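Me: Can you walk me through this chain? I'll ask as I go.

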Amino acid sequence: MTLDVRTLLHHDGPIARRLPGFEARPQQLDLSVAIERAFRERRHLIAEAGTGVGKSFAYLLPAALHADQNQGGGPIVISTRTIALQEQLEKKDLPFLHAVLPFEWSSTTAVGRNNYLCLRRMHLAEREQSMLEDPDKSAQLRKLVGWSLGAHDRTKMELPFPVLPEVWEEVQAEHGNCLNRACKHFDMCGWQRARRRAETAQVLIVNHSLYFADLALRMAGATFLPEHRFVVFDEAHHLERVATESLGLRVSAATIGWHLRRLHPRRSDRSLLGRHGSQRARVLHEELRLCNDAFFAELDGRMHGSTRDGDCALGDEVLVEPVTTLLRQLASELLAAASRTEQVDVKMELQARASGLSALAAVFDALCNPAAQPDTKLVRWIERGKNGPSLCGAPLDVSSVLQKHLFENGPTCVLTSATLGPVDDAGFVYLKGQLGIGQDRVDTLRLGSPFDFDRAVQLVLETGMPDPSTAPAQYKQRVAERTLDYVLDNGGHALVLCTSWDFVRSLAEHLASELLAADIPLLVQGSAPLSQLLEQKRSLPTSVLIGTDSLWEGIDVPGDALTLVVVTRLPFQNPSHPLTKARMQAFEQRGGDAFRDWSLPEAILKFRQGFGRLIRSQQDHGKVVVLDPRMKTKAYGQRFLASLPVATDESQDATPAD
Ligand code: SF4
């Protein structure tokens with residue numbers, strides 16, 4: 001009998017027999033069948049599938065079947081955005097499917113090269129005693145050597161102790177710093193073993209950042225992921241953002257400082273530069289350090305002098321700077337030093353550092369001088385940060401790049417997520433435009449959630465609130481009061497979604513003492529790593545988690561810990577950000593309506609994601625409160641409402657109690 005997804009997902013099939021509580025879901029089967037067809041017919045697929053559909057089995061099954069029935073042609077790549085999903089696939093779903101599917105197939109997970117220990121570099125650091133002057137670093141290096149003898153893949157994630165970044169940088173596997181087959185550690189090397197596994201695996205799990213870093217490399221003629229004909233992007237609503245980050249550029253004083261420190265930490269006589277560099281290289285190094293500090297101090301002064309609140313757009317301005325030239329000169333000095341030494345390991349280190357500086361010079365040049373990259377329209381700006389300003393740049397339009405290098409000349413792509421666009425955008429026109437997916441080679445599918453949202457969710461639209469655009473101070477005050485009311489009334493168990501860090505801080509201040517008095521823990525984004533805050537949220541069910549941006553999407557807090565979601569404001573992107581502004585302008589210039597066709601779909605998508613945080617399982621229930629009056633007072637509010645999987649009627653509105 002030929003196996004297909006219908007057999008495997010049948011209520012009496014191999015999965016149902018081995019998975020307690022498995023229920024055949026028609027949406028899951030529909031998605032799986034559509035993905036199977038996409039693989040067979042080599043057509044892209046955009047498939048939105050609501051929470052609870054069981055997307056991971058829906059794509060892993062056709063991937064495993066295709067691997068079994070079509071040997072060769074490279075792996076089917078599955079790419080996720082979050083580590084949580086990657087871990088779920090790696091540790092739960094894939095081991096289960098390997099155990100139950102009645103055929104042999106292979107799968108593995110690829111992580112970035114820098115996560116692997118390079119045995120050759122570790123022994124070089126040991127031999128050269130480059131960390132001798134720092135007892136903590138020397139002790140860590142000794143620990144690493146001991147650990148490396150028994151470790152399996154020798155990745156940073158396996159390390160049983162937290163490693164200092166400066167120590168790991170000295171021993172990590174690096175692009176351009178590997179002897180490959182000429183290395184005496186080749187057979188033992190964790191990175192090389194991982195590469196071989198990735199090349200032979202039939203299903204390969206990666207994350208979006210790694211996938212798009214590889215795409216950027218592929219555009220430059222190199223690649224580290226194996227050739228593949230199919231890729232499934234889960235959490236695909238992140239693709240435009242990840243592509244923008246991967247194809248974008250960013251440099252701060254710290255970036256250049258990091259490269260300089262790797263060559264020659266201050267107060268060190270045992271550095272690579274100290275031992276192997278020329279006198280001129282050391283002079284250039286010092287000059288570069290001073291110029292870097294001076295250049296970014298000037299940018300900092302410019303930001304402080306600016307009357308604008310946001311980041312500072314550079315337009316076509318050329319920033320005159322000496323850094324690019326100095327970086328290139330230092331790189332040539334290092335190459336000259338490399339050519340003088342007979343020691344292969346030292347030669348490799350010098351060449352790798354030189355190529356790092358050359359790449360940095362190219363980035364710096366592109367950010368300071370628009371003429372440096374005439375083929376790419378780069379939007380450039382200066383961004384404020386906690387540790388000083390950064391020079392940033394991003395392509396005005398990633399869609400043309402993705403169209404050319406991914407959707408037209410790359411693998412067959414399946415894009416899936418619980419939310420991929422506004423519900424009234426039946427053909428995913430917004431997503432296609434954002435990513436550059438042509439109409440002719442793509443099928444689309446929208447599948448609702450099997451959860452009963454009408455039963456599980458009470459949607460409350462607060463009326464009578466001040467308008468955030470026209471009366472921001474009153475609005476802010478009223479949001480603080482009403483959030484407190486709702487949270488206390490619910491006994492905590494809440495997630496409060498904001499749209500700016502300033503708002504998070506002021507709202508947290510307002511809530512802190514009252515929540516303390518009510519014995520409700522307050523967790524504020526930014527006070528600890530997000531993964532830690534989420535652990536706390538799950539283990540302290542009454543707690544209130546408040547934050548912005550990343551809390552709207554991809555966080556999973558099922559059960560009693562989350563029965564109230566407060567949406568303080570509709571999540572429109574900040575229109576004054578230079579990149580948003582430039583993209584909106586470009587949209588208008590092409591004859592589009594930037595608000596209706598760009599800002600609004602983006603905000604609706606995010607709003608749907610925020611709403612989706614509440615119901616994560618069949619048993620979940622609770623209340624979503626929207627405190628932004630524009631849901632009712634603006635015509636576009638109807639589009640937000642129509643995008644939700646719950647019926648809304650006037651009786652669900654609340655009037656604020658005074
Ligand atoms: S093969 Fe490359 S990454 Fe592996 S130990 Fe040797 S030099 Fe390092």
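This is a predicted model: local features need pLDDT of at least 70, side-chain atom pairs count only at pLDDT 80 or more; totals for chains, interfaces and linings use all residues.

Me: What does the C-alpha trace span along its principal axes?
Reply: About 80 × 70 × 55 Å.

Me: How many helices and strands are there in the chain?
Reply: The chain has 26 helices and 17 strands.

Me: And what percentage of the residues count as buried?
Reply: 53% of the 658 residues are buried. The chain exposes about 29,400 Å², with carbon and sulfur atoms supplying 51% of that area.

Me: Contacts next. Of those with a separation of 6 or more, what share comes from residues 24 or more positions apart?
Reply: Such pairs make up 76% of the contacts in that set.

Me: Now the largest nonpolar core. Which residues touch the most other members?
Reply: Ile-15, Ile-78, Leu-97 and Leu-101 do, in a core of 42 residues. Helix 4, residues 55-69, gives this core its largest share, with 8 residues.

Me: Take Ile-15. What is it in contact with, leaving aside neighbours within four places in sequence?
Reply: Ile-15 contacts Leu-8, Leu-9, Phe-22, Phe-57, Leu-61, Phe-96, Leu-97 and Val-100.

Me: Where is Arg-17 found, and is Arg-17 buried or exposed?
Reply: Arg-17 lies in helix 2, which covers residues 14-18. Its relative accessibility is 58%, and the cut-off for exposed is over 50%, so Arg-17 counts as exposed.

Me: How far is Arg-17 from Phe-364 in space?
Reply: The C-alpha to C-alpha distance is 58 Å, and Arg-17 and Phe-364 are 347 residues apart in sequence.

Me: Different spot. Where is Ser-543 found?
Reply: Ser-543 is in the loop that runs between helix 22 (530-539) and strand 15 (544-547).

Me: Why does Ser-543 count as buried?
Reply: Because its relative accessibility is 0%, and buried means under 20%.

Me: Which residues is Ser-543 in contact with, leaving aside neighbours within four places in sequence?
Reply: Gly-492, His-493 and Ala-494 are in contact with Ser-543, as are Ile-520, Pro-521 and Leu-523. Gln-536 and Lys-537 also contact Ser-543.

How values were computed:
Residues are numbered from 1 along each chain as its sequence is written. Side-chain values use heavy atoms; hydrogens and water are left out. Helices (H or I, at least four residues) and strands (E, at least two) are DSSP runs, numbered from the N terminus. Buried means under 20% relative accessible area, exposed over 50%, partly exposed in between (1.4 Å probe, protein chains only). Contact means heavy atoms within 4.5 Å. Accessible areas come from the Shrake-Rupley method with a 1.4 Å probe; for residues, only the protein chains shown count as cover. A nonpolar core is a set of buried Ala, Val, Leu, Ile, Met, Phe, Trp, Tyr and Cys residues joined through side-chain atoms within 4.5 Å.
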